[in-house]
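Trainee: I have just opened this one and would like a guided look around before I try anything on my own. Could you walk me through it?

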Amino acid sequence: MKQALKYIRTIPAILLWSLPFAFMLIFYFQPLLANFRVAWQATTSEVLASIPYKVITQPLFFTIWQASLSTLLTIIVGISPAYLMAKYRFFGKSFIRLLTTIPFIMPTVVVAAGFNALLGPKGWFNLLLQTIFSLDNPPIQILNSLGAILFAHVFYNSTVFIRVVGGAWSQLDPKIGFAARTLGASPVRVWQKITFPLLKPALLSAILLIFLFNFTSFAVILLLGGPKFSTMEVEIYIQALHMLNLPVAGLLSGIQLLFTLVLTILYSRIIKTKSVALTPRDPEEVAKSITGWKQRSFLIGTMSYLVVLFAAPLFSLVLRSFLLTDTNRNVEGLAGNRFSLVYYQELFLNRRESLFYVPPIDAILNSLYFGLITVGIALFLGFLAASVISSRSSWGKLLDPILILPLGTSAVTLGLGFILVFNSPPLDVRSIPLLVPIAHSLVAMPFVVRILQPIIASIPRELKYSAMVLGASPWRTFWQVEFPILFRAIISAALFSFTISLGEFGATTFLARSEQPTIPIAIYRYLSQPGGLNYGQAMAMSTILMIICALSIFLIERLKLPNIKEF
Amino acid sequence: MLSVKSLYKEYENQPLLEGVSFDIQKGETICLLGRSGSGKSTLLRIIAGIEAPESGDVYWNNQNLKDIPVHKRQFGFMFQDYALFPHKNVFENVAFGLKMQNLPFDLIEEKVNLVLDKVKMQKFRHRQVADLSGGEKQRVALARALAPEPRLLMLDEPLGALDRNLREQLMDELRLLLHESNIPAIYVTHDQEEAFTIGDRLVLLNEGRIIQNATPEDVYQNPKNAWVAKFIGLSNLLEGVIQSIQPLRVITKSGDFSIQTGLPKNVKLGDPVILLLRPDALTLNDEKMNQFQAHILDDVFLGNQWRVKLRMGDMEFSFLVDEPISIGSIIKISIDPKRINLLQAEK
């Protein structure tokens with residue numbers, strides 16, 4: 001009886017705490033299971049017999065191939081900046097650090113558009129070369145090649161490498177190395193026996209994470225790879241939305257899910273073991289200043305390619321959005337072009353009066369609308385989930401690993417799962433307007449939890465008790481004590497969810513109604529259509545999205561919260 | 001006023017409180033004294049309503065507080081690490097409880113100023129709490145607990161985080177403040193010196209039970225058992241057996257003792273007992289009773305007395321004496337039969 005009473009008292013808490021579970025169950029596990037079910041049905045039915053194996057194996061092998069290659073290149077590009085950022089003090093270090101945050105939450109469509117603006121047929125390089133050498137056709141044909149994909153992936157992921165590995169490296173106590181040297185170890189042996197083993201967890205987790213990102217990369221492949229290259233993600237998209245072949249799409253996504261789940265679980269395992277590392281050092285205490293011409297030229301070399309890698313695509317994107325190419329006069333190259341705001345003005349007009357073309361500015365409004373709803377859902381559920389995890393109850397232990405899963409699940413599979421679950425009669429995806437922000441919230445929630453949870457856990461229980469003893473009701477205790485302490489973290493989490501929602505492309509392609517596109521969808525539509533005006537509008541739209549995202553990154557950095565560098 | 005009745009509480013399936021009952025009268029300060037892990041902080045939290053007992057009740061003026069939530073009990077609580085709100089300054093911290101009563105701002109300000117004056121923190125009122133020293137934080141925490149004029153004040157090791165000098169200084173201030181305010185208070189500590197200074201009454205808690213509940217003088221003069229004696233710093237304890245009742249004589253390994261103080265309840269001839277030789281029991285004059293050979297091991301000058309450490313038989317004792325004794329000497333001493341307590345032997 002007494003026990004029963006005790007449980008009755010905790011009912012409101014249980015109701016609140018079960019909300020994140022219910023959300024995950026309905027909107028994550030249900031679509032996931034639907035994918036697996038379709039995949040299973042496909043393997044047992046004749047559908048499979050009628051399709052060539054190549055439909056499955058070709059994208060799978062290509063996905064693994066490009067992901068491995070991209071990861072390898074990322075390591076090569078990232079290792080020396082990681083070392084420099086960890087070990088040295090130099091002029092412009094904080095600028096570089098800020099630079100490395102930019103690709104972090106820069107939407108894939110923006111990055112794809114940026115590379116297009118730099119290297120594409122209408123990009124700066126080609127325009128310049130055409131002008132100089134009076135060529136009729138663009139000489140650089142990197143777009144729609146493997147090179148473009150790799151380039152974009154390196155852009156994206158080298159920052160992950162620099163942050164994760166550099167962060168761990170900067171916290172290694174150099175005295176451990178000195179001790180090994182005095183005990184007779186050569187610098188090579190110190191690396192072999194001391195530095196590498198200590199860095200290994202960070203290296204492994206960075207590599208796994210990067211591989212996972214490359215494996216599930218969608219917009220980059222779709223926008224930069226062109227029709228020739230098809231990863232699992234792109235193939236799922238094509239099979240589901242273009243061929244309307246759901247069994248094959250389901251089978252592909254089932255395989256995709258297996259891979260990503262295994263990778264995600266591996267990653268979270270490594271993250272766990274990593275936390276038993278050494279006592280962290282203050283990075284500033286470890287950093288040395290640069291001396292001698294060797295170090296100086298190493299620094300200058302490394303930093304210049306970083307700046308080129310990170311800044312050039314985004315910079316050319318912004319510039320290209322103001323450059324009006326006059327295709328009517330049939331002049332190639334830069335001649336006859338001028339800077340103008342035409343592309344931006346065009347965003348407010350509805351040129352084609354058909355049902356599917358709304359004024360482009362509507363896409364921005366849609367995105368903002370979805371973004372705000374996403375912030376609401378992700379913050380509310382993320383806060384509850386973070387509180388559950390901080391409570392260290394068995395519920396929390398259950399929820400913690402579950403929450404990391406959406407991080408590794410590809411957005412396309414999620415989108416497909418949503419269609420499979422919510423698009424069967426009597427339901428219709430179109431009839432559920434909230435599906436887009438719900439999908440976005442699934443992607444954003446792990447980040448929200450990871451930002452809020454450490455802060456919630458760091459609030460001493462005595463603070464809450466003090467407030468209660470002083471006469472504050474639980475409601476007032478939350479608003480007077482917990483909320484103000486969490487305020488900066490909440491703002492940071494809100495900005496994060498907002499940017500994630502603004503940039504989300506994979507799931508949105510499946511879920512957004514065609515007359516209600518978001519910014520990334522609109523950019524994709526523009527880029528996939530011919531004509532200088534479409535191209536320019538894609539640039540203008542990408543620039544707007546980029547500026548919004550850059551602003552929120554800037555704000556997040558200003559809030560100076562710990563632990564955002566880790567996922 | 002406050003009445004605690006047979007509280008039971010488990011922690012991770014181990015009993016923590018096993019039937020704790022006591023009362024507090026108006027204006028009285030009681031000290032809950034016990035080792036860490038004895039359940040004294042939990043007891044405070046149960047009274048405050050932060051934790052619920054497995055069974056037992058807390059009454060305030062005969063009203064059962066079972067269904068009164070923490071924020072409606074009007075009790076003050078001061079936590080060991082003060083738990084000051086880090087996002088509020090000194091004034092806002094102290095004003096918090098008054099704000100919860102939805103008082104008009106003028107009145108809040110007046111009351112906060114009054115209590116800040118009391119703890120001598122007026123000039124810090126706009127400081128951020130992060131900028132305060134340990135002692136200043138302690139004063140703010142006390143002011144915050146006092147400001148809403150609670151019906152009962154609970155202090156959980158309020159001086160525990162401070163260094164010794166500061167603790168002694170604040171101990172005296174705290175005692176005066178508590179008596180001045182006339183608010184009944186429960187003061188939890190593991191430090192017997194603090195307990196003797198602050199408490200009108202001591203409640204000694206060991207392994208979830210109240211061992212003794214008495215005034216400081218009474219506890220000191222008549223500790224209930226060997227645990228209490230040891231806990232309050234009386235360490236000259238030795239086991240013995242009652243040899244005769246009239247006159248009272250006890251056999252021990254270190255020799256036979258004549259005793260001229262009372263016999264504990266229910267102790268008969270032949271029963272085991274524990275002797276407590278009080279620190280001032282040693283005389284160097286040639287007395288007839290309780291004469292022993294003692295080997296002087298150490299002698300420390302304390303200011304107006306010497307603390308002598310010596311061996312009688314195979315046991316070591318320490319006493320306070322008025323004159324120095326040379327270390328290493330073997331001398332005749334006697335133990336005053338009026339300065340020996342007989343304690344019940346533990347089961």
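This is a predicted model: local features need pLDDT of at least 70, side-chain atom pairs count only at pLDDT 80 or more; totals for chains, interfaces and linings use all residues.

Trainee: Okay, so at what angle do α12 and α19 of chain A pack?

Mentor: Helix α12 (residues 232–242) of chain A and helix α19 (residues 411–422) of chain A pack at an angle of about 25 degrees, and their axes are 9 Å apart. Angles under 35 degrees count as roughly parallel, and α12(A) and α19(A) are therefore roughly parallel to each other. The crossing in which α12(A) passes α19(A) is left-handed.

Trainee: Which residues make that contact?

Mentor: From α12(A) the contact uses Glu233(A), Ile236(A), Tyr237(A) and Ala240(A), while α19(A) brings Val412(A), Thr413(A) and Leu416(A). By class, the contact of α12(A) with α19(A) has five nonpolar residues, one polar and one charged.

Trainee: What about α6 and α8 of chain A, at what angle do they pack?

Mentor: Helix α6 (residues 108–119) of chain A and helix α8 (residues 146–170) of chain A pack at an angle of about 125 degrees, with 11 Å between their axes. That angle makes α6(A) oblique to α8(A), and the crossing of the two is right-handed.

Trainee: Who meets whom there, and how many are nonpolar?

Mentor: Val111(A), Ala112(A), Phe115(A) and Leu119(A) in α6(A) meet Ala148(A), Phe151(A), Ala152(A), Phe155(A) and Tyr156(A) in α8(A). The contact of α6(A) with α8(A) has nine nonpolar residues, with no polar and no charged ones.

Trainee: Which residues is Ile521(A) in contact with?

Mentor: If we leave aside its neighbours within four places in sequence, Ile521(A) is in contact with Ala363(A), Thr508(A), Thr509(A) and Ala512(A). As for Arg181(A), which is 340 residues away along the chain, its C-alpha atom and that of Ile521(A) are separated by 57 Å.

Trainee: How does α24(A) pack against α17 of chain A, then?

Mentor: Helix α17 (residues 360–390) of chain A and α24(A) pack at an angle of about 150 degrees, with their axes 8 Å apart, and they are therefore roughly antiparallel to each other. Pro360(A), Ala363(A), Ile364(A) and Ser367(A) of α17(A) make this contact with Ile519(A), Ile521(A) and Ala522(A) of α24(A). The residues of the contact of α17(A) with α24(A) divide into six nonpolar, one polar and no charged.

Trainee: Switching to chain B, what are its domains?

Mentor: The domain assignment of chain B gives domain 1 (2–230) and domain 2 (235–344), and the centres of these two domains, taken over C-alpha atoms, are separated by 39 Å. Six residues of domain 1 of chain B are in contact with seven residues of domain 2 of chain B. On the side of domain 1 that touches domain 2, three residues are nonpolar, two are polar and one is charged.

Trainee: And how many residues of α1 in chain B are buried?

Mentor: Helix α1 (residues 40–48) of chain B is mostly covered, with eight of its nine residues buried, among them Lys40(B), Arg45(B) and Ala48(B). Just after α1(B) comes Gly49(B), which takes a positive phi of about 95 degrees.

Trainee: Last one: how many residues does each chain give to the contact between A and B?

Mentor: The contact takes 18 residues from chain B and 16 residues from chain A. On the chain B side, the elements that give two or more residues are β6 (75–78) and α2 (90–100) of chain B, and the residues of that side divide into 12 nonpolar, five polar and one charged.

Technical notes:
Residues are numbered from 1 along each chain as its sequence is written. Chains are lettered from A and ligands numbered from 1 in the order in which they are written. Axes are lines fitted to C-alpha atoms, for helices over the stretch in contact, and angles run from 0 to 180 degrees between N-to-C directions. Helices (H or I, at least four residues) and strands (E, at least two) are DSSP runs, numbered from the N terminus. Angles under 35 degrees count as roughly parallel, over 145 as roughly antiparallel, 65 to 115 as roughly perpendicular and the rest as oblique. A crossing is left-handed if the near helix is turned anticlockwise from the far one by less than a right angle, and right-handed if clockwise. Two residues are in contact if their C-beta atoms, placed from the backbone, lie within 7 Å. Ala, Val, Leu, Ile, Met, Phe, Trp, Tyr, Cys and Pro count as nonpolar, Asp, Glu, Lys and Arg as charged, and the others, Gly among them, as polar. Domain bounds come from an automatic or database domain assignment. A residue is buried if 20 or more other C-beta atoms lie within 10 Å of its own, exposed if 12 or fewer, and partly exposed in between; C-beta atoms are placed from the backbone.
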